[in-house]
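Biologist: I would like to go through this model with you. Could we begin with the way its helices pack?
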Amino acid sequence: EWEFAERVGRVEPSATIAIGNKASELEEQGVDVVDLSVGEPDFPTPERVREAGQEAIADGHTGYTPSSGIPELREAISMDLKGKGIPAGPENVVVTPGAKQALYETAQALVDEGDEVVLLDPAWVSYEAIIKLAGGDLTRVDLGQHDFELEPALDDLAAAISDETTMLIVNSPSNPTGAVFSDAALEGVRDLAVEHDVTVVADEIYDQITFDADPTSLASLDGMAERTVTVNGFSKAYSMTGWRLGYLAAPEPMIDQVSKIHSHSVTCAANFVQRAGVEALQSVETEVATMVEAFEKRRDLVVDLLADRGKVIPRPQGAFYAMIPTDEGPTDDVAWCDAAIEDAHVATVPGSAFNAPGYARISYAASEERLKEGFSRLAEEGLI
Ligand code: PLP
């Protein structure tokens, strides 16, 4: 009989994986599934980045690198951060295998058993698991009744944050809502964080995928650089999900602690992947712009298709997700998503997975044609 550590009992397997499994099962039976559940761009990694990775392998860059990352990449990341107003040098950067690992190491470095961490709901699925694995307790602030915006919820946030709060996670642009928080909202976060001496984790992984918004980086605000861990990655902007490349940037005392966890767990991100990352930061602006343009058109299409069904949703300003109300058909969002996959053969993710029951998250990392097909199937089954 296996006896597992108590910590693994605190978390559930990812809801998105369960949906993915169901979709694959149907596809194996020959069913045409419209998959709107995926959290990855439907574009190839830009050619120059792929070439840089291949060249790096051919040139023999296949050994360990310095634990925190190769100097060229940390330098390029530092330049990028400075361009966003974040005063981070290469010494403030740890390169990780994906932003998820950066978040994991951040929680391991900062959160003790029983420490309080504040999340803004709807929140990306893994935050909860990452905090619980570190032993933290969650306090949640619901942005659902404020059209997923933070500014009108600042009073609720003020009520949730106290001197007992260890950490607050802010994800803008947001997965799953696509919301981009206003400067006034971020300044409100800053004031509360300073007042209560809270560390803020700014997950800005979607910051290049925005439409009518120009997101501000939290660490660029006065008083925030010294208390912010900025997390970002290459998966979304450069369509590099499988390469596993991300990073965190923070003041040196935090880097010193995180580096211990990093070096004793992953050692370093893959060598040739880091070299491809330098290329991504330096030379594929045009390809990124093309992807963002495609996402914007699809965002408009999704909003319009829903409006045609009498559903008005807050227009997402970034990332490639939208939350659609599950107020027709089955009684709750989990049953709704089951019906969507079983009857309409459309894969979506229940809002409950993001602590936002009453919605389903759709990803528009799918062609306009497939999006239209998906929505017409949902309408046919009486789900929208
Ligand atoms: N943060 C958010 C909000 C995400 O949506 C994701 C991916 O889905 C990640 C972090 C992790 O990305 P990766 O580990 O691929 O860099």
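Modeller: This is a predicted model. In it, helix α5 (residues 99-110) packs with helix α9 (residues 252-265), the axes being 9 Å apart and the angle about 110 degrees. Angles of 65 to 115 degrees count as roughly perpendicular, so α5 is roughly perpendicular to α9.

Biologist: Which residues of α5 and α9 meet?

Modeller: From α5 they are Glu 105, Thr 106, Gln 108 and Ala 109, and from α9 Met 254, Gln 257, Val 258, Ile 261 and His 262. The residues of this contact comprise four nonpolar, four polar and one charged.

Biologist: Is the crossing of α5 and α9 left-handed or right-handed?

Modeller: The crossing of α5 and α9 is right-handed.

Biologist: What about α3 and α10: at what angle do they pack?

Modeller: Helix α3 (residues 47-58) and helix α10 (residues 271-283) pack at about 145 degrees, with their axes 8 Å apart. Their crossing is right-handed. Among the residues making the contact are Ala 52 and Ile 57 of α3, and Phe 272 and Glu 279 of α10. That contact divides into eight nonpolar, two polar and three charged residues.

Biologist: Turning to the ligand, which residues come nearest?

Modeller: Of the 13 residues around the ligand, the nearest are Gly 98, Ala 99, Lys 100, Gly 233 and Ser 235. The shell consists of three nonpolar, eight polar and two charged residues.

Biologist: Where does UniProt place the domain?

Modeller: An unreviewed UniProt entry places "domain: Aminotransferase class I/classII large" at residues 32-377. Over residues 32-377 the chain is 40% helix and 16% strand, and the end C-alpha atoms lie 12 Å apart.

Terms used. Residues are numbered from 1 along each chain as its sequence is written. This is a predicted model: local features need pLDDT of at least 70, side-chain atom pairs count only at pLDDT 80 or more; totals for chains, interfaces and linings use all residues. A residue is near a molecule or strand if its C-beta atom, placed from the backbone, lies within 6 Å of it. Ala, Val, Leu, Ile, Met, Phe, Trp, Tyr, Cys and Pro count as nonpolar, Asp, Glu, Lys and Arg as charged, and the others, Gly among them, as polar. Axes are lines fitted to C-alpha atoms, for helices over the stretch in contact, and angles run from 0 to 180 degrees between N-to-C directions. Helices (H or I, at least four residues) and strands (E, at least two) are DSSP runs, numbered from the N terminus. Angles under 35 degrees count as roughly parallel, over 145 as roughly antiparallel, 65 to 115 as roughly perpendicular and the rest as oblique. A crossing is left-handed if the near helix is turned anticlockwise from the far one by less than a right angle, and right-handed if clockwise. Two residues are in contact if their C-beta atoms, placed from the backbone, lie within 7 Å. UniProt positions are given in the numbering used here, feature names are shortened, and annotations may be inferred rather than shown by experiment.
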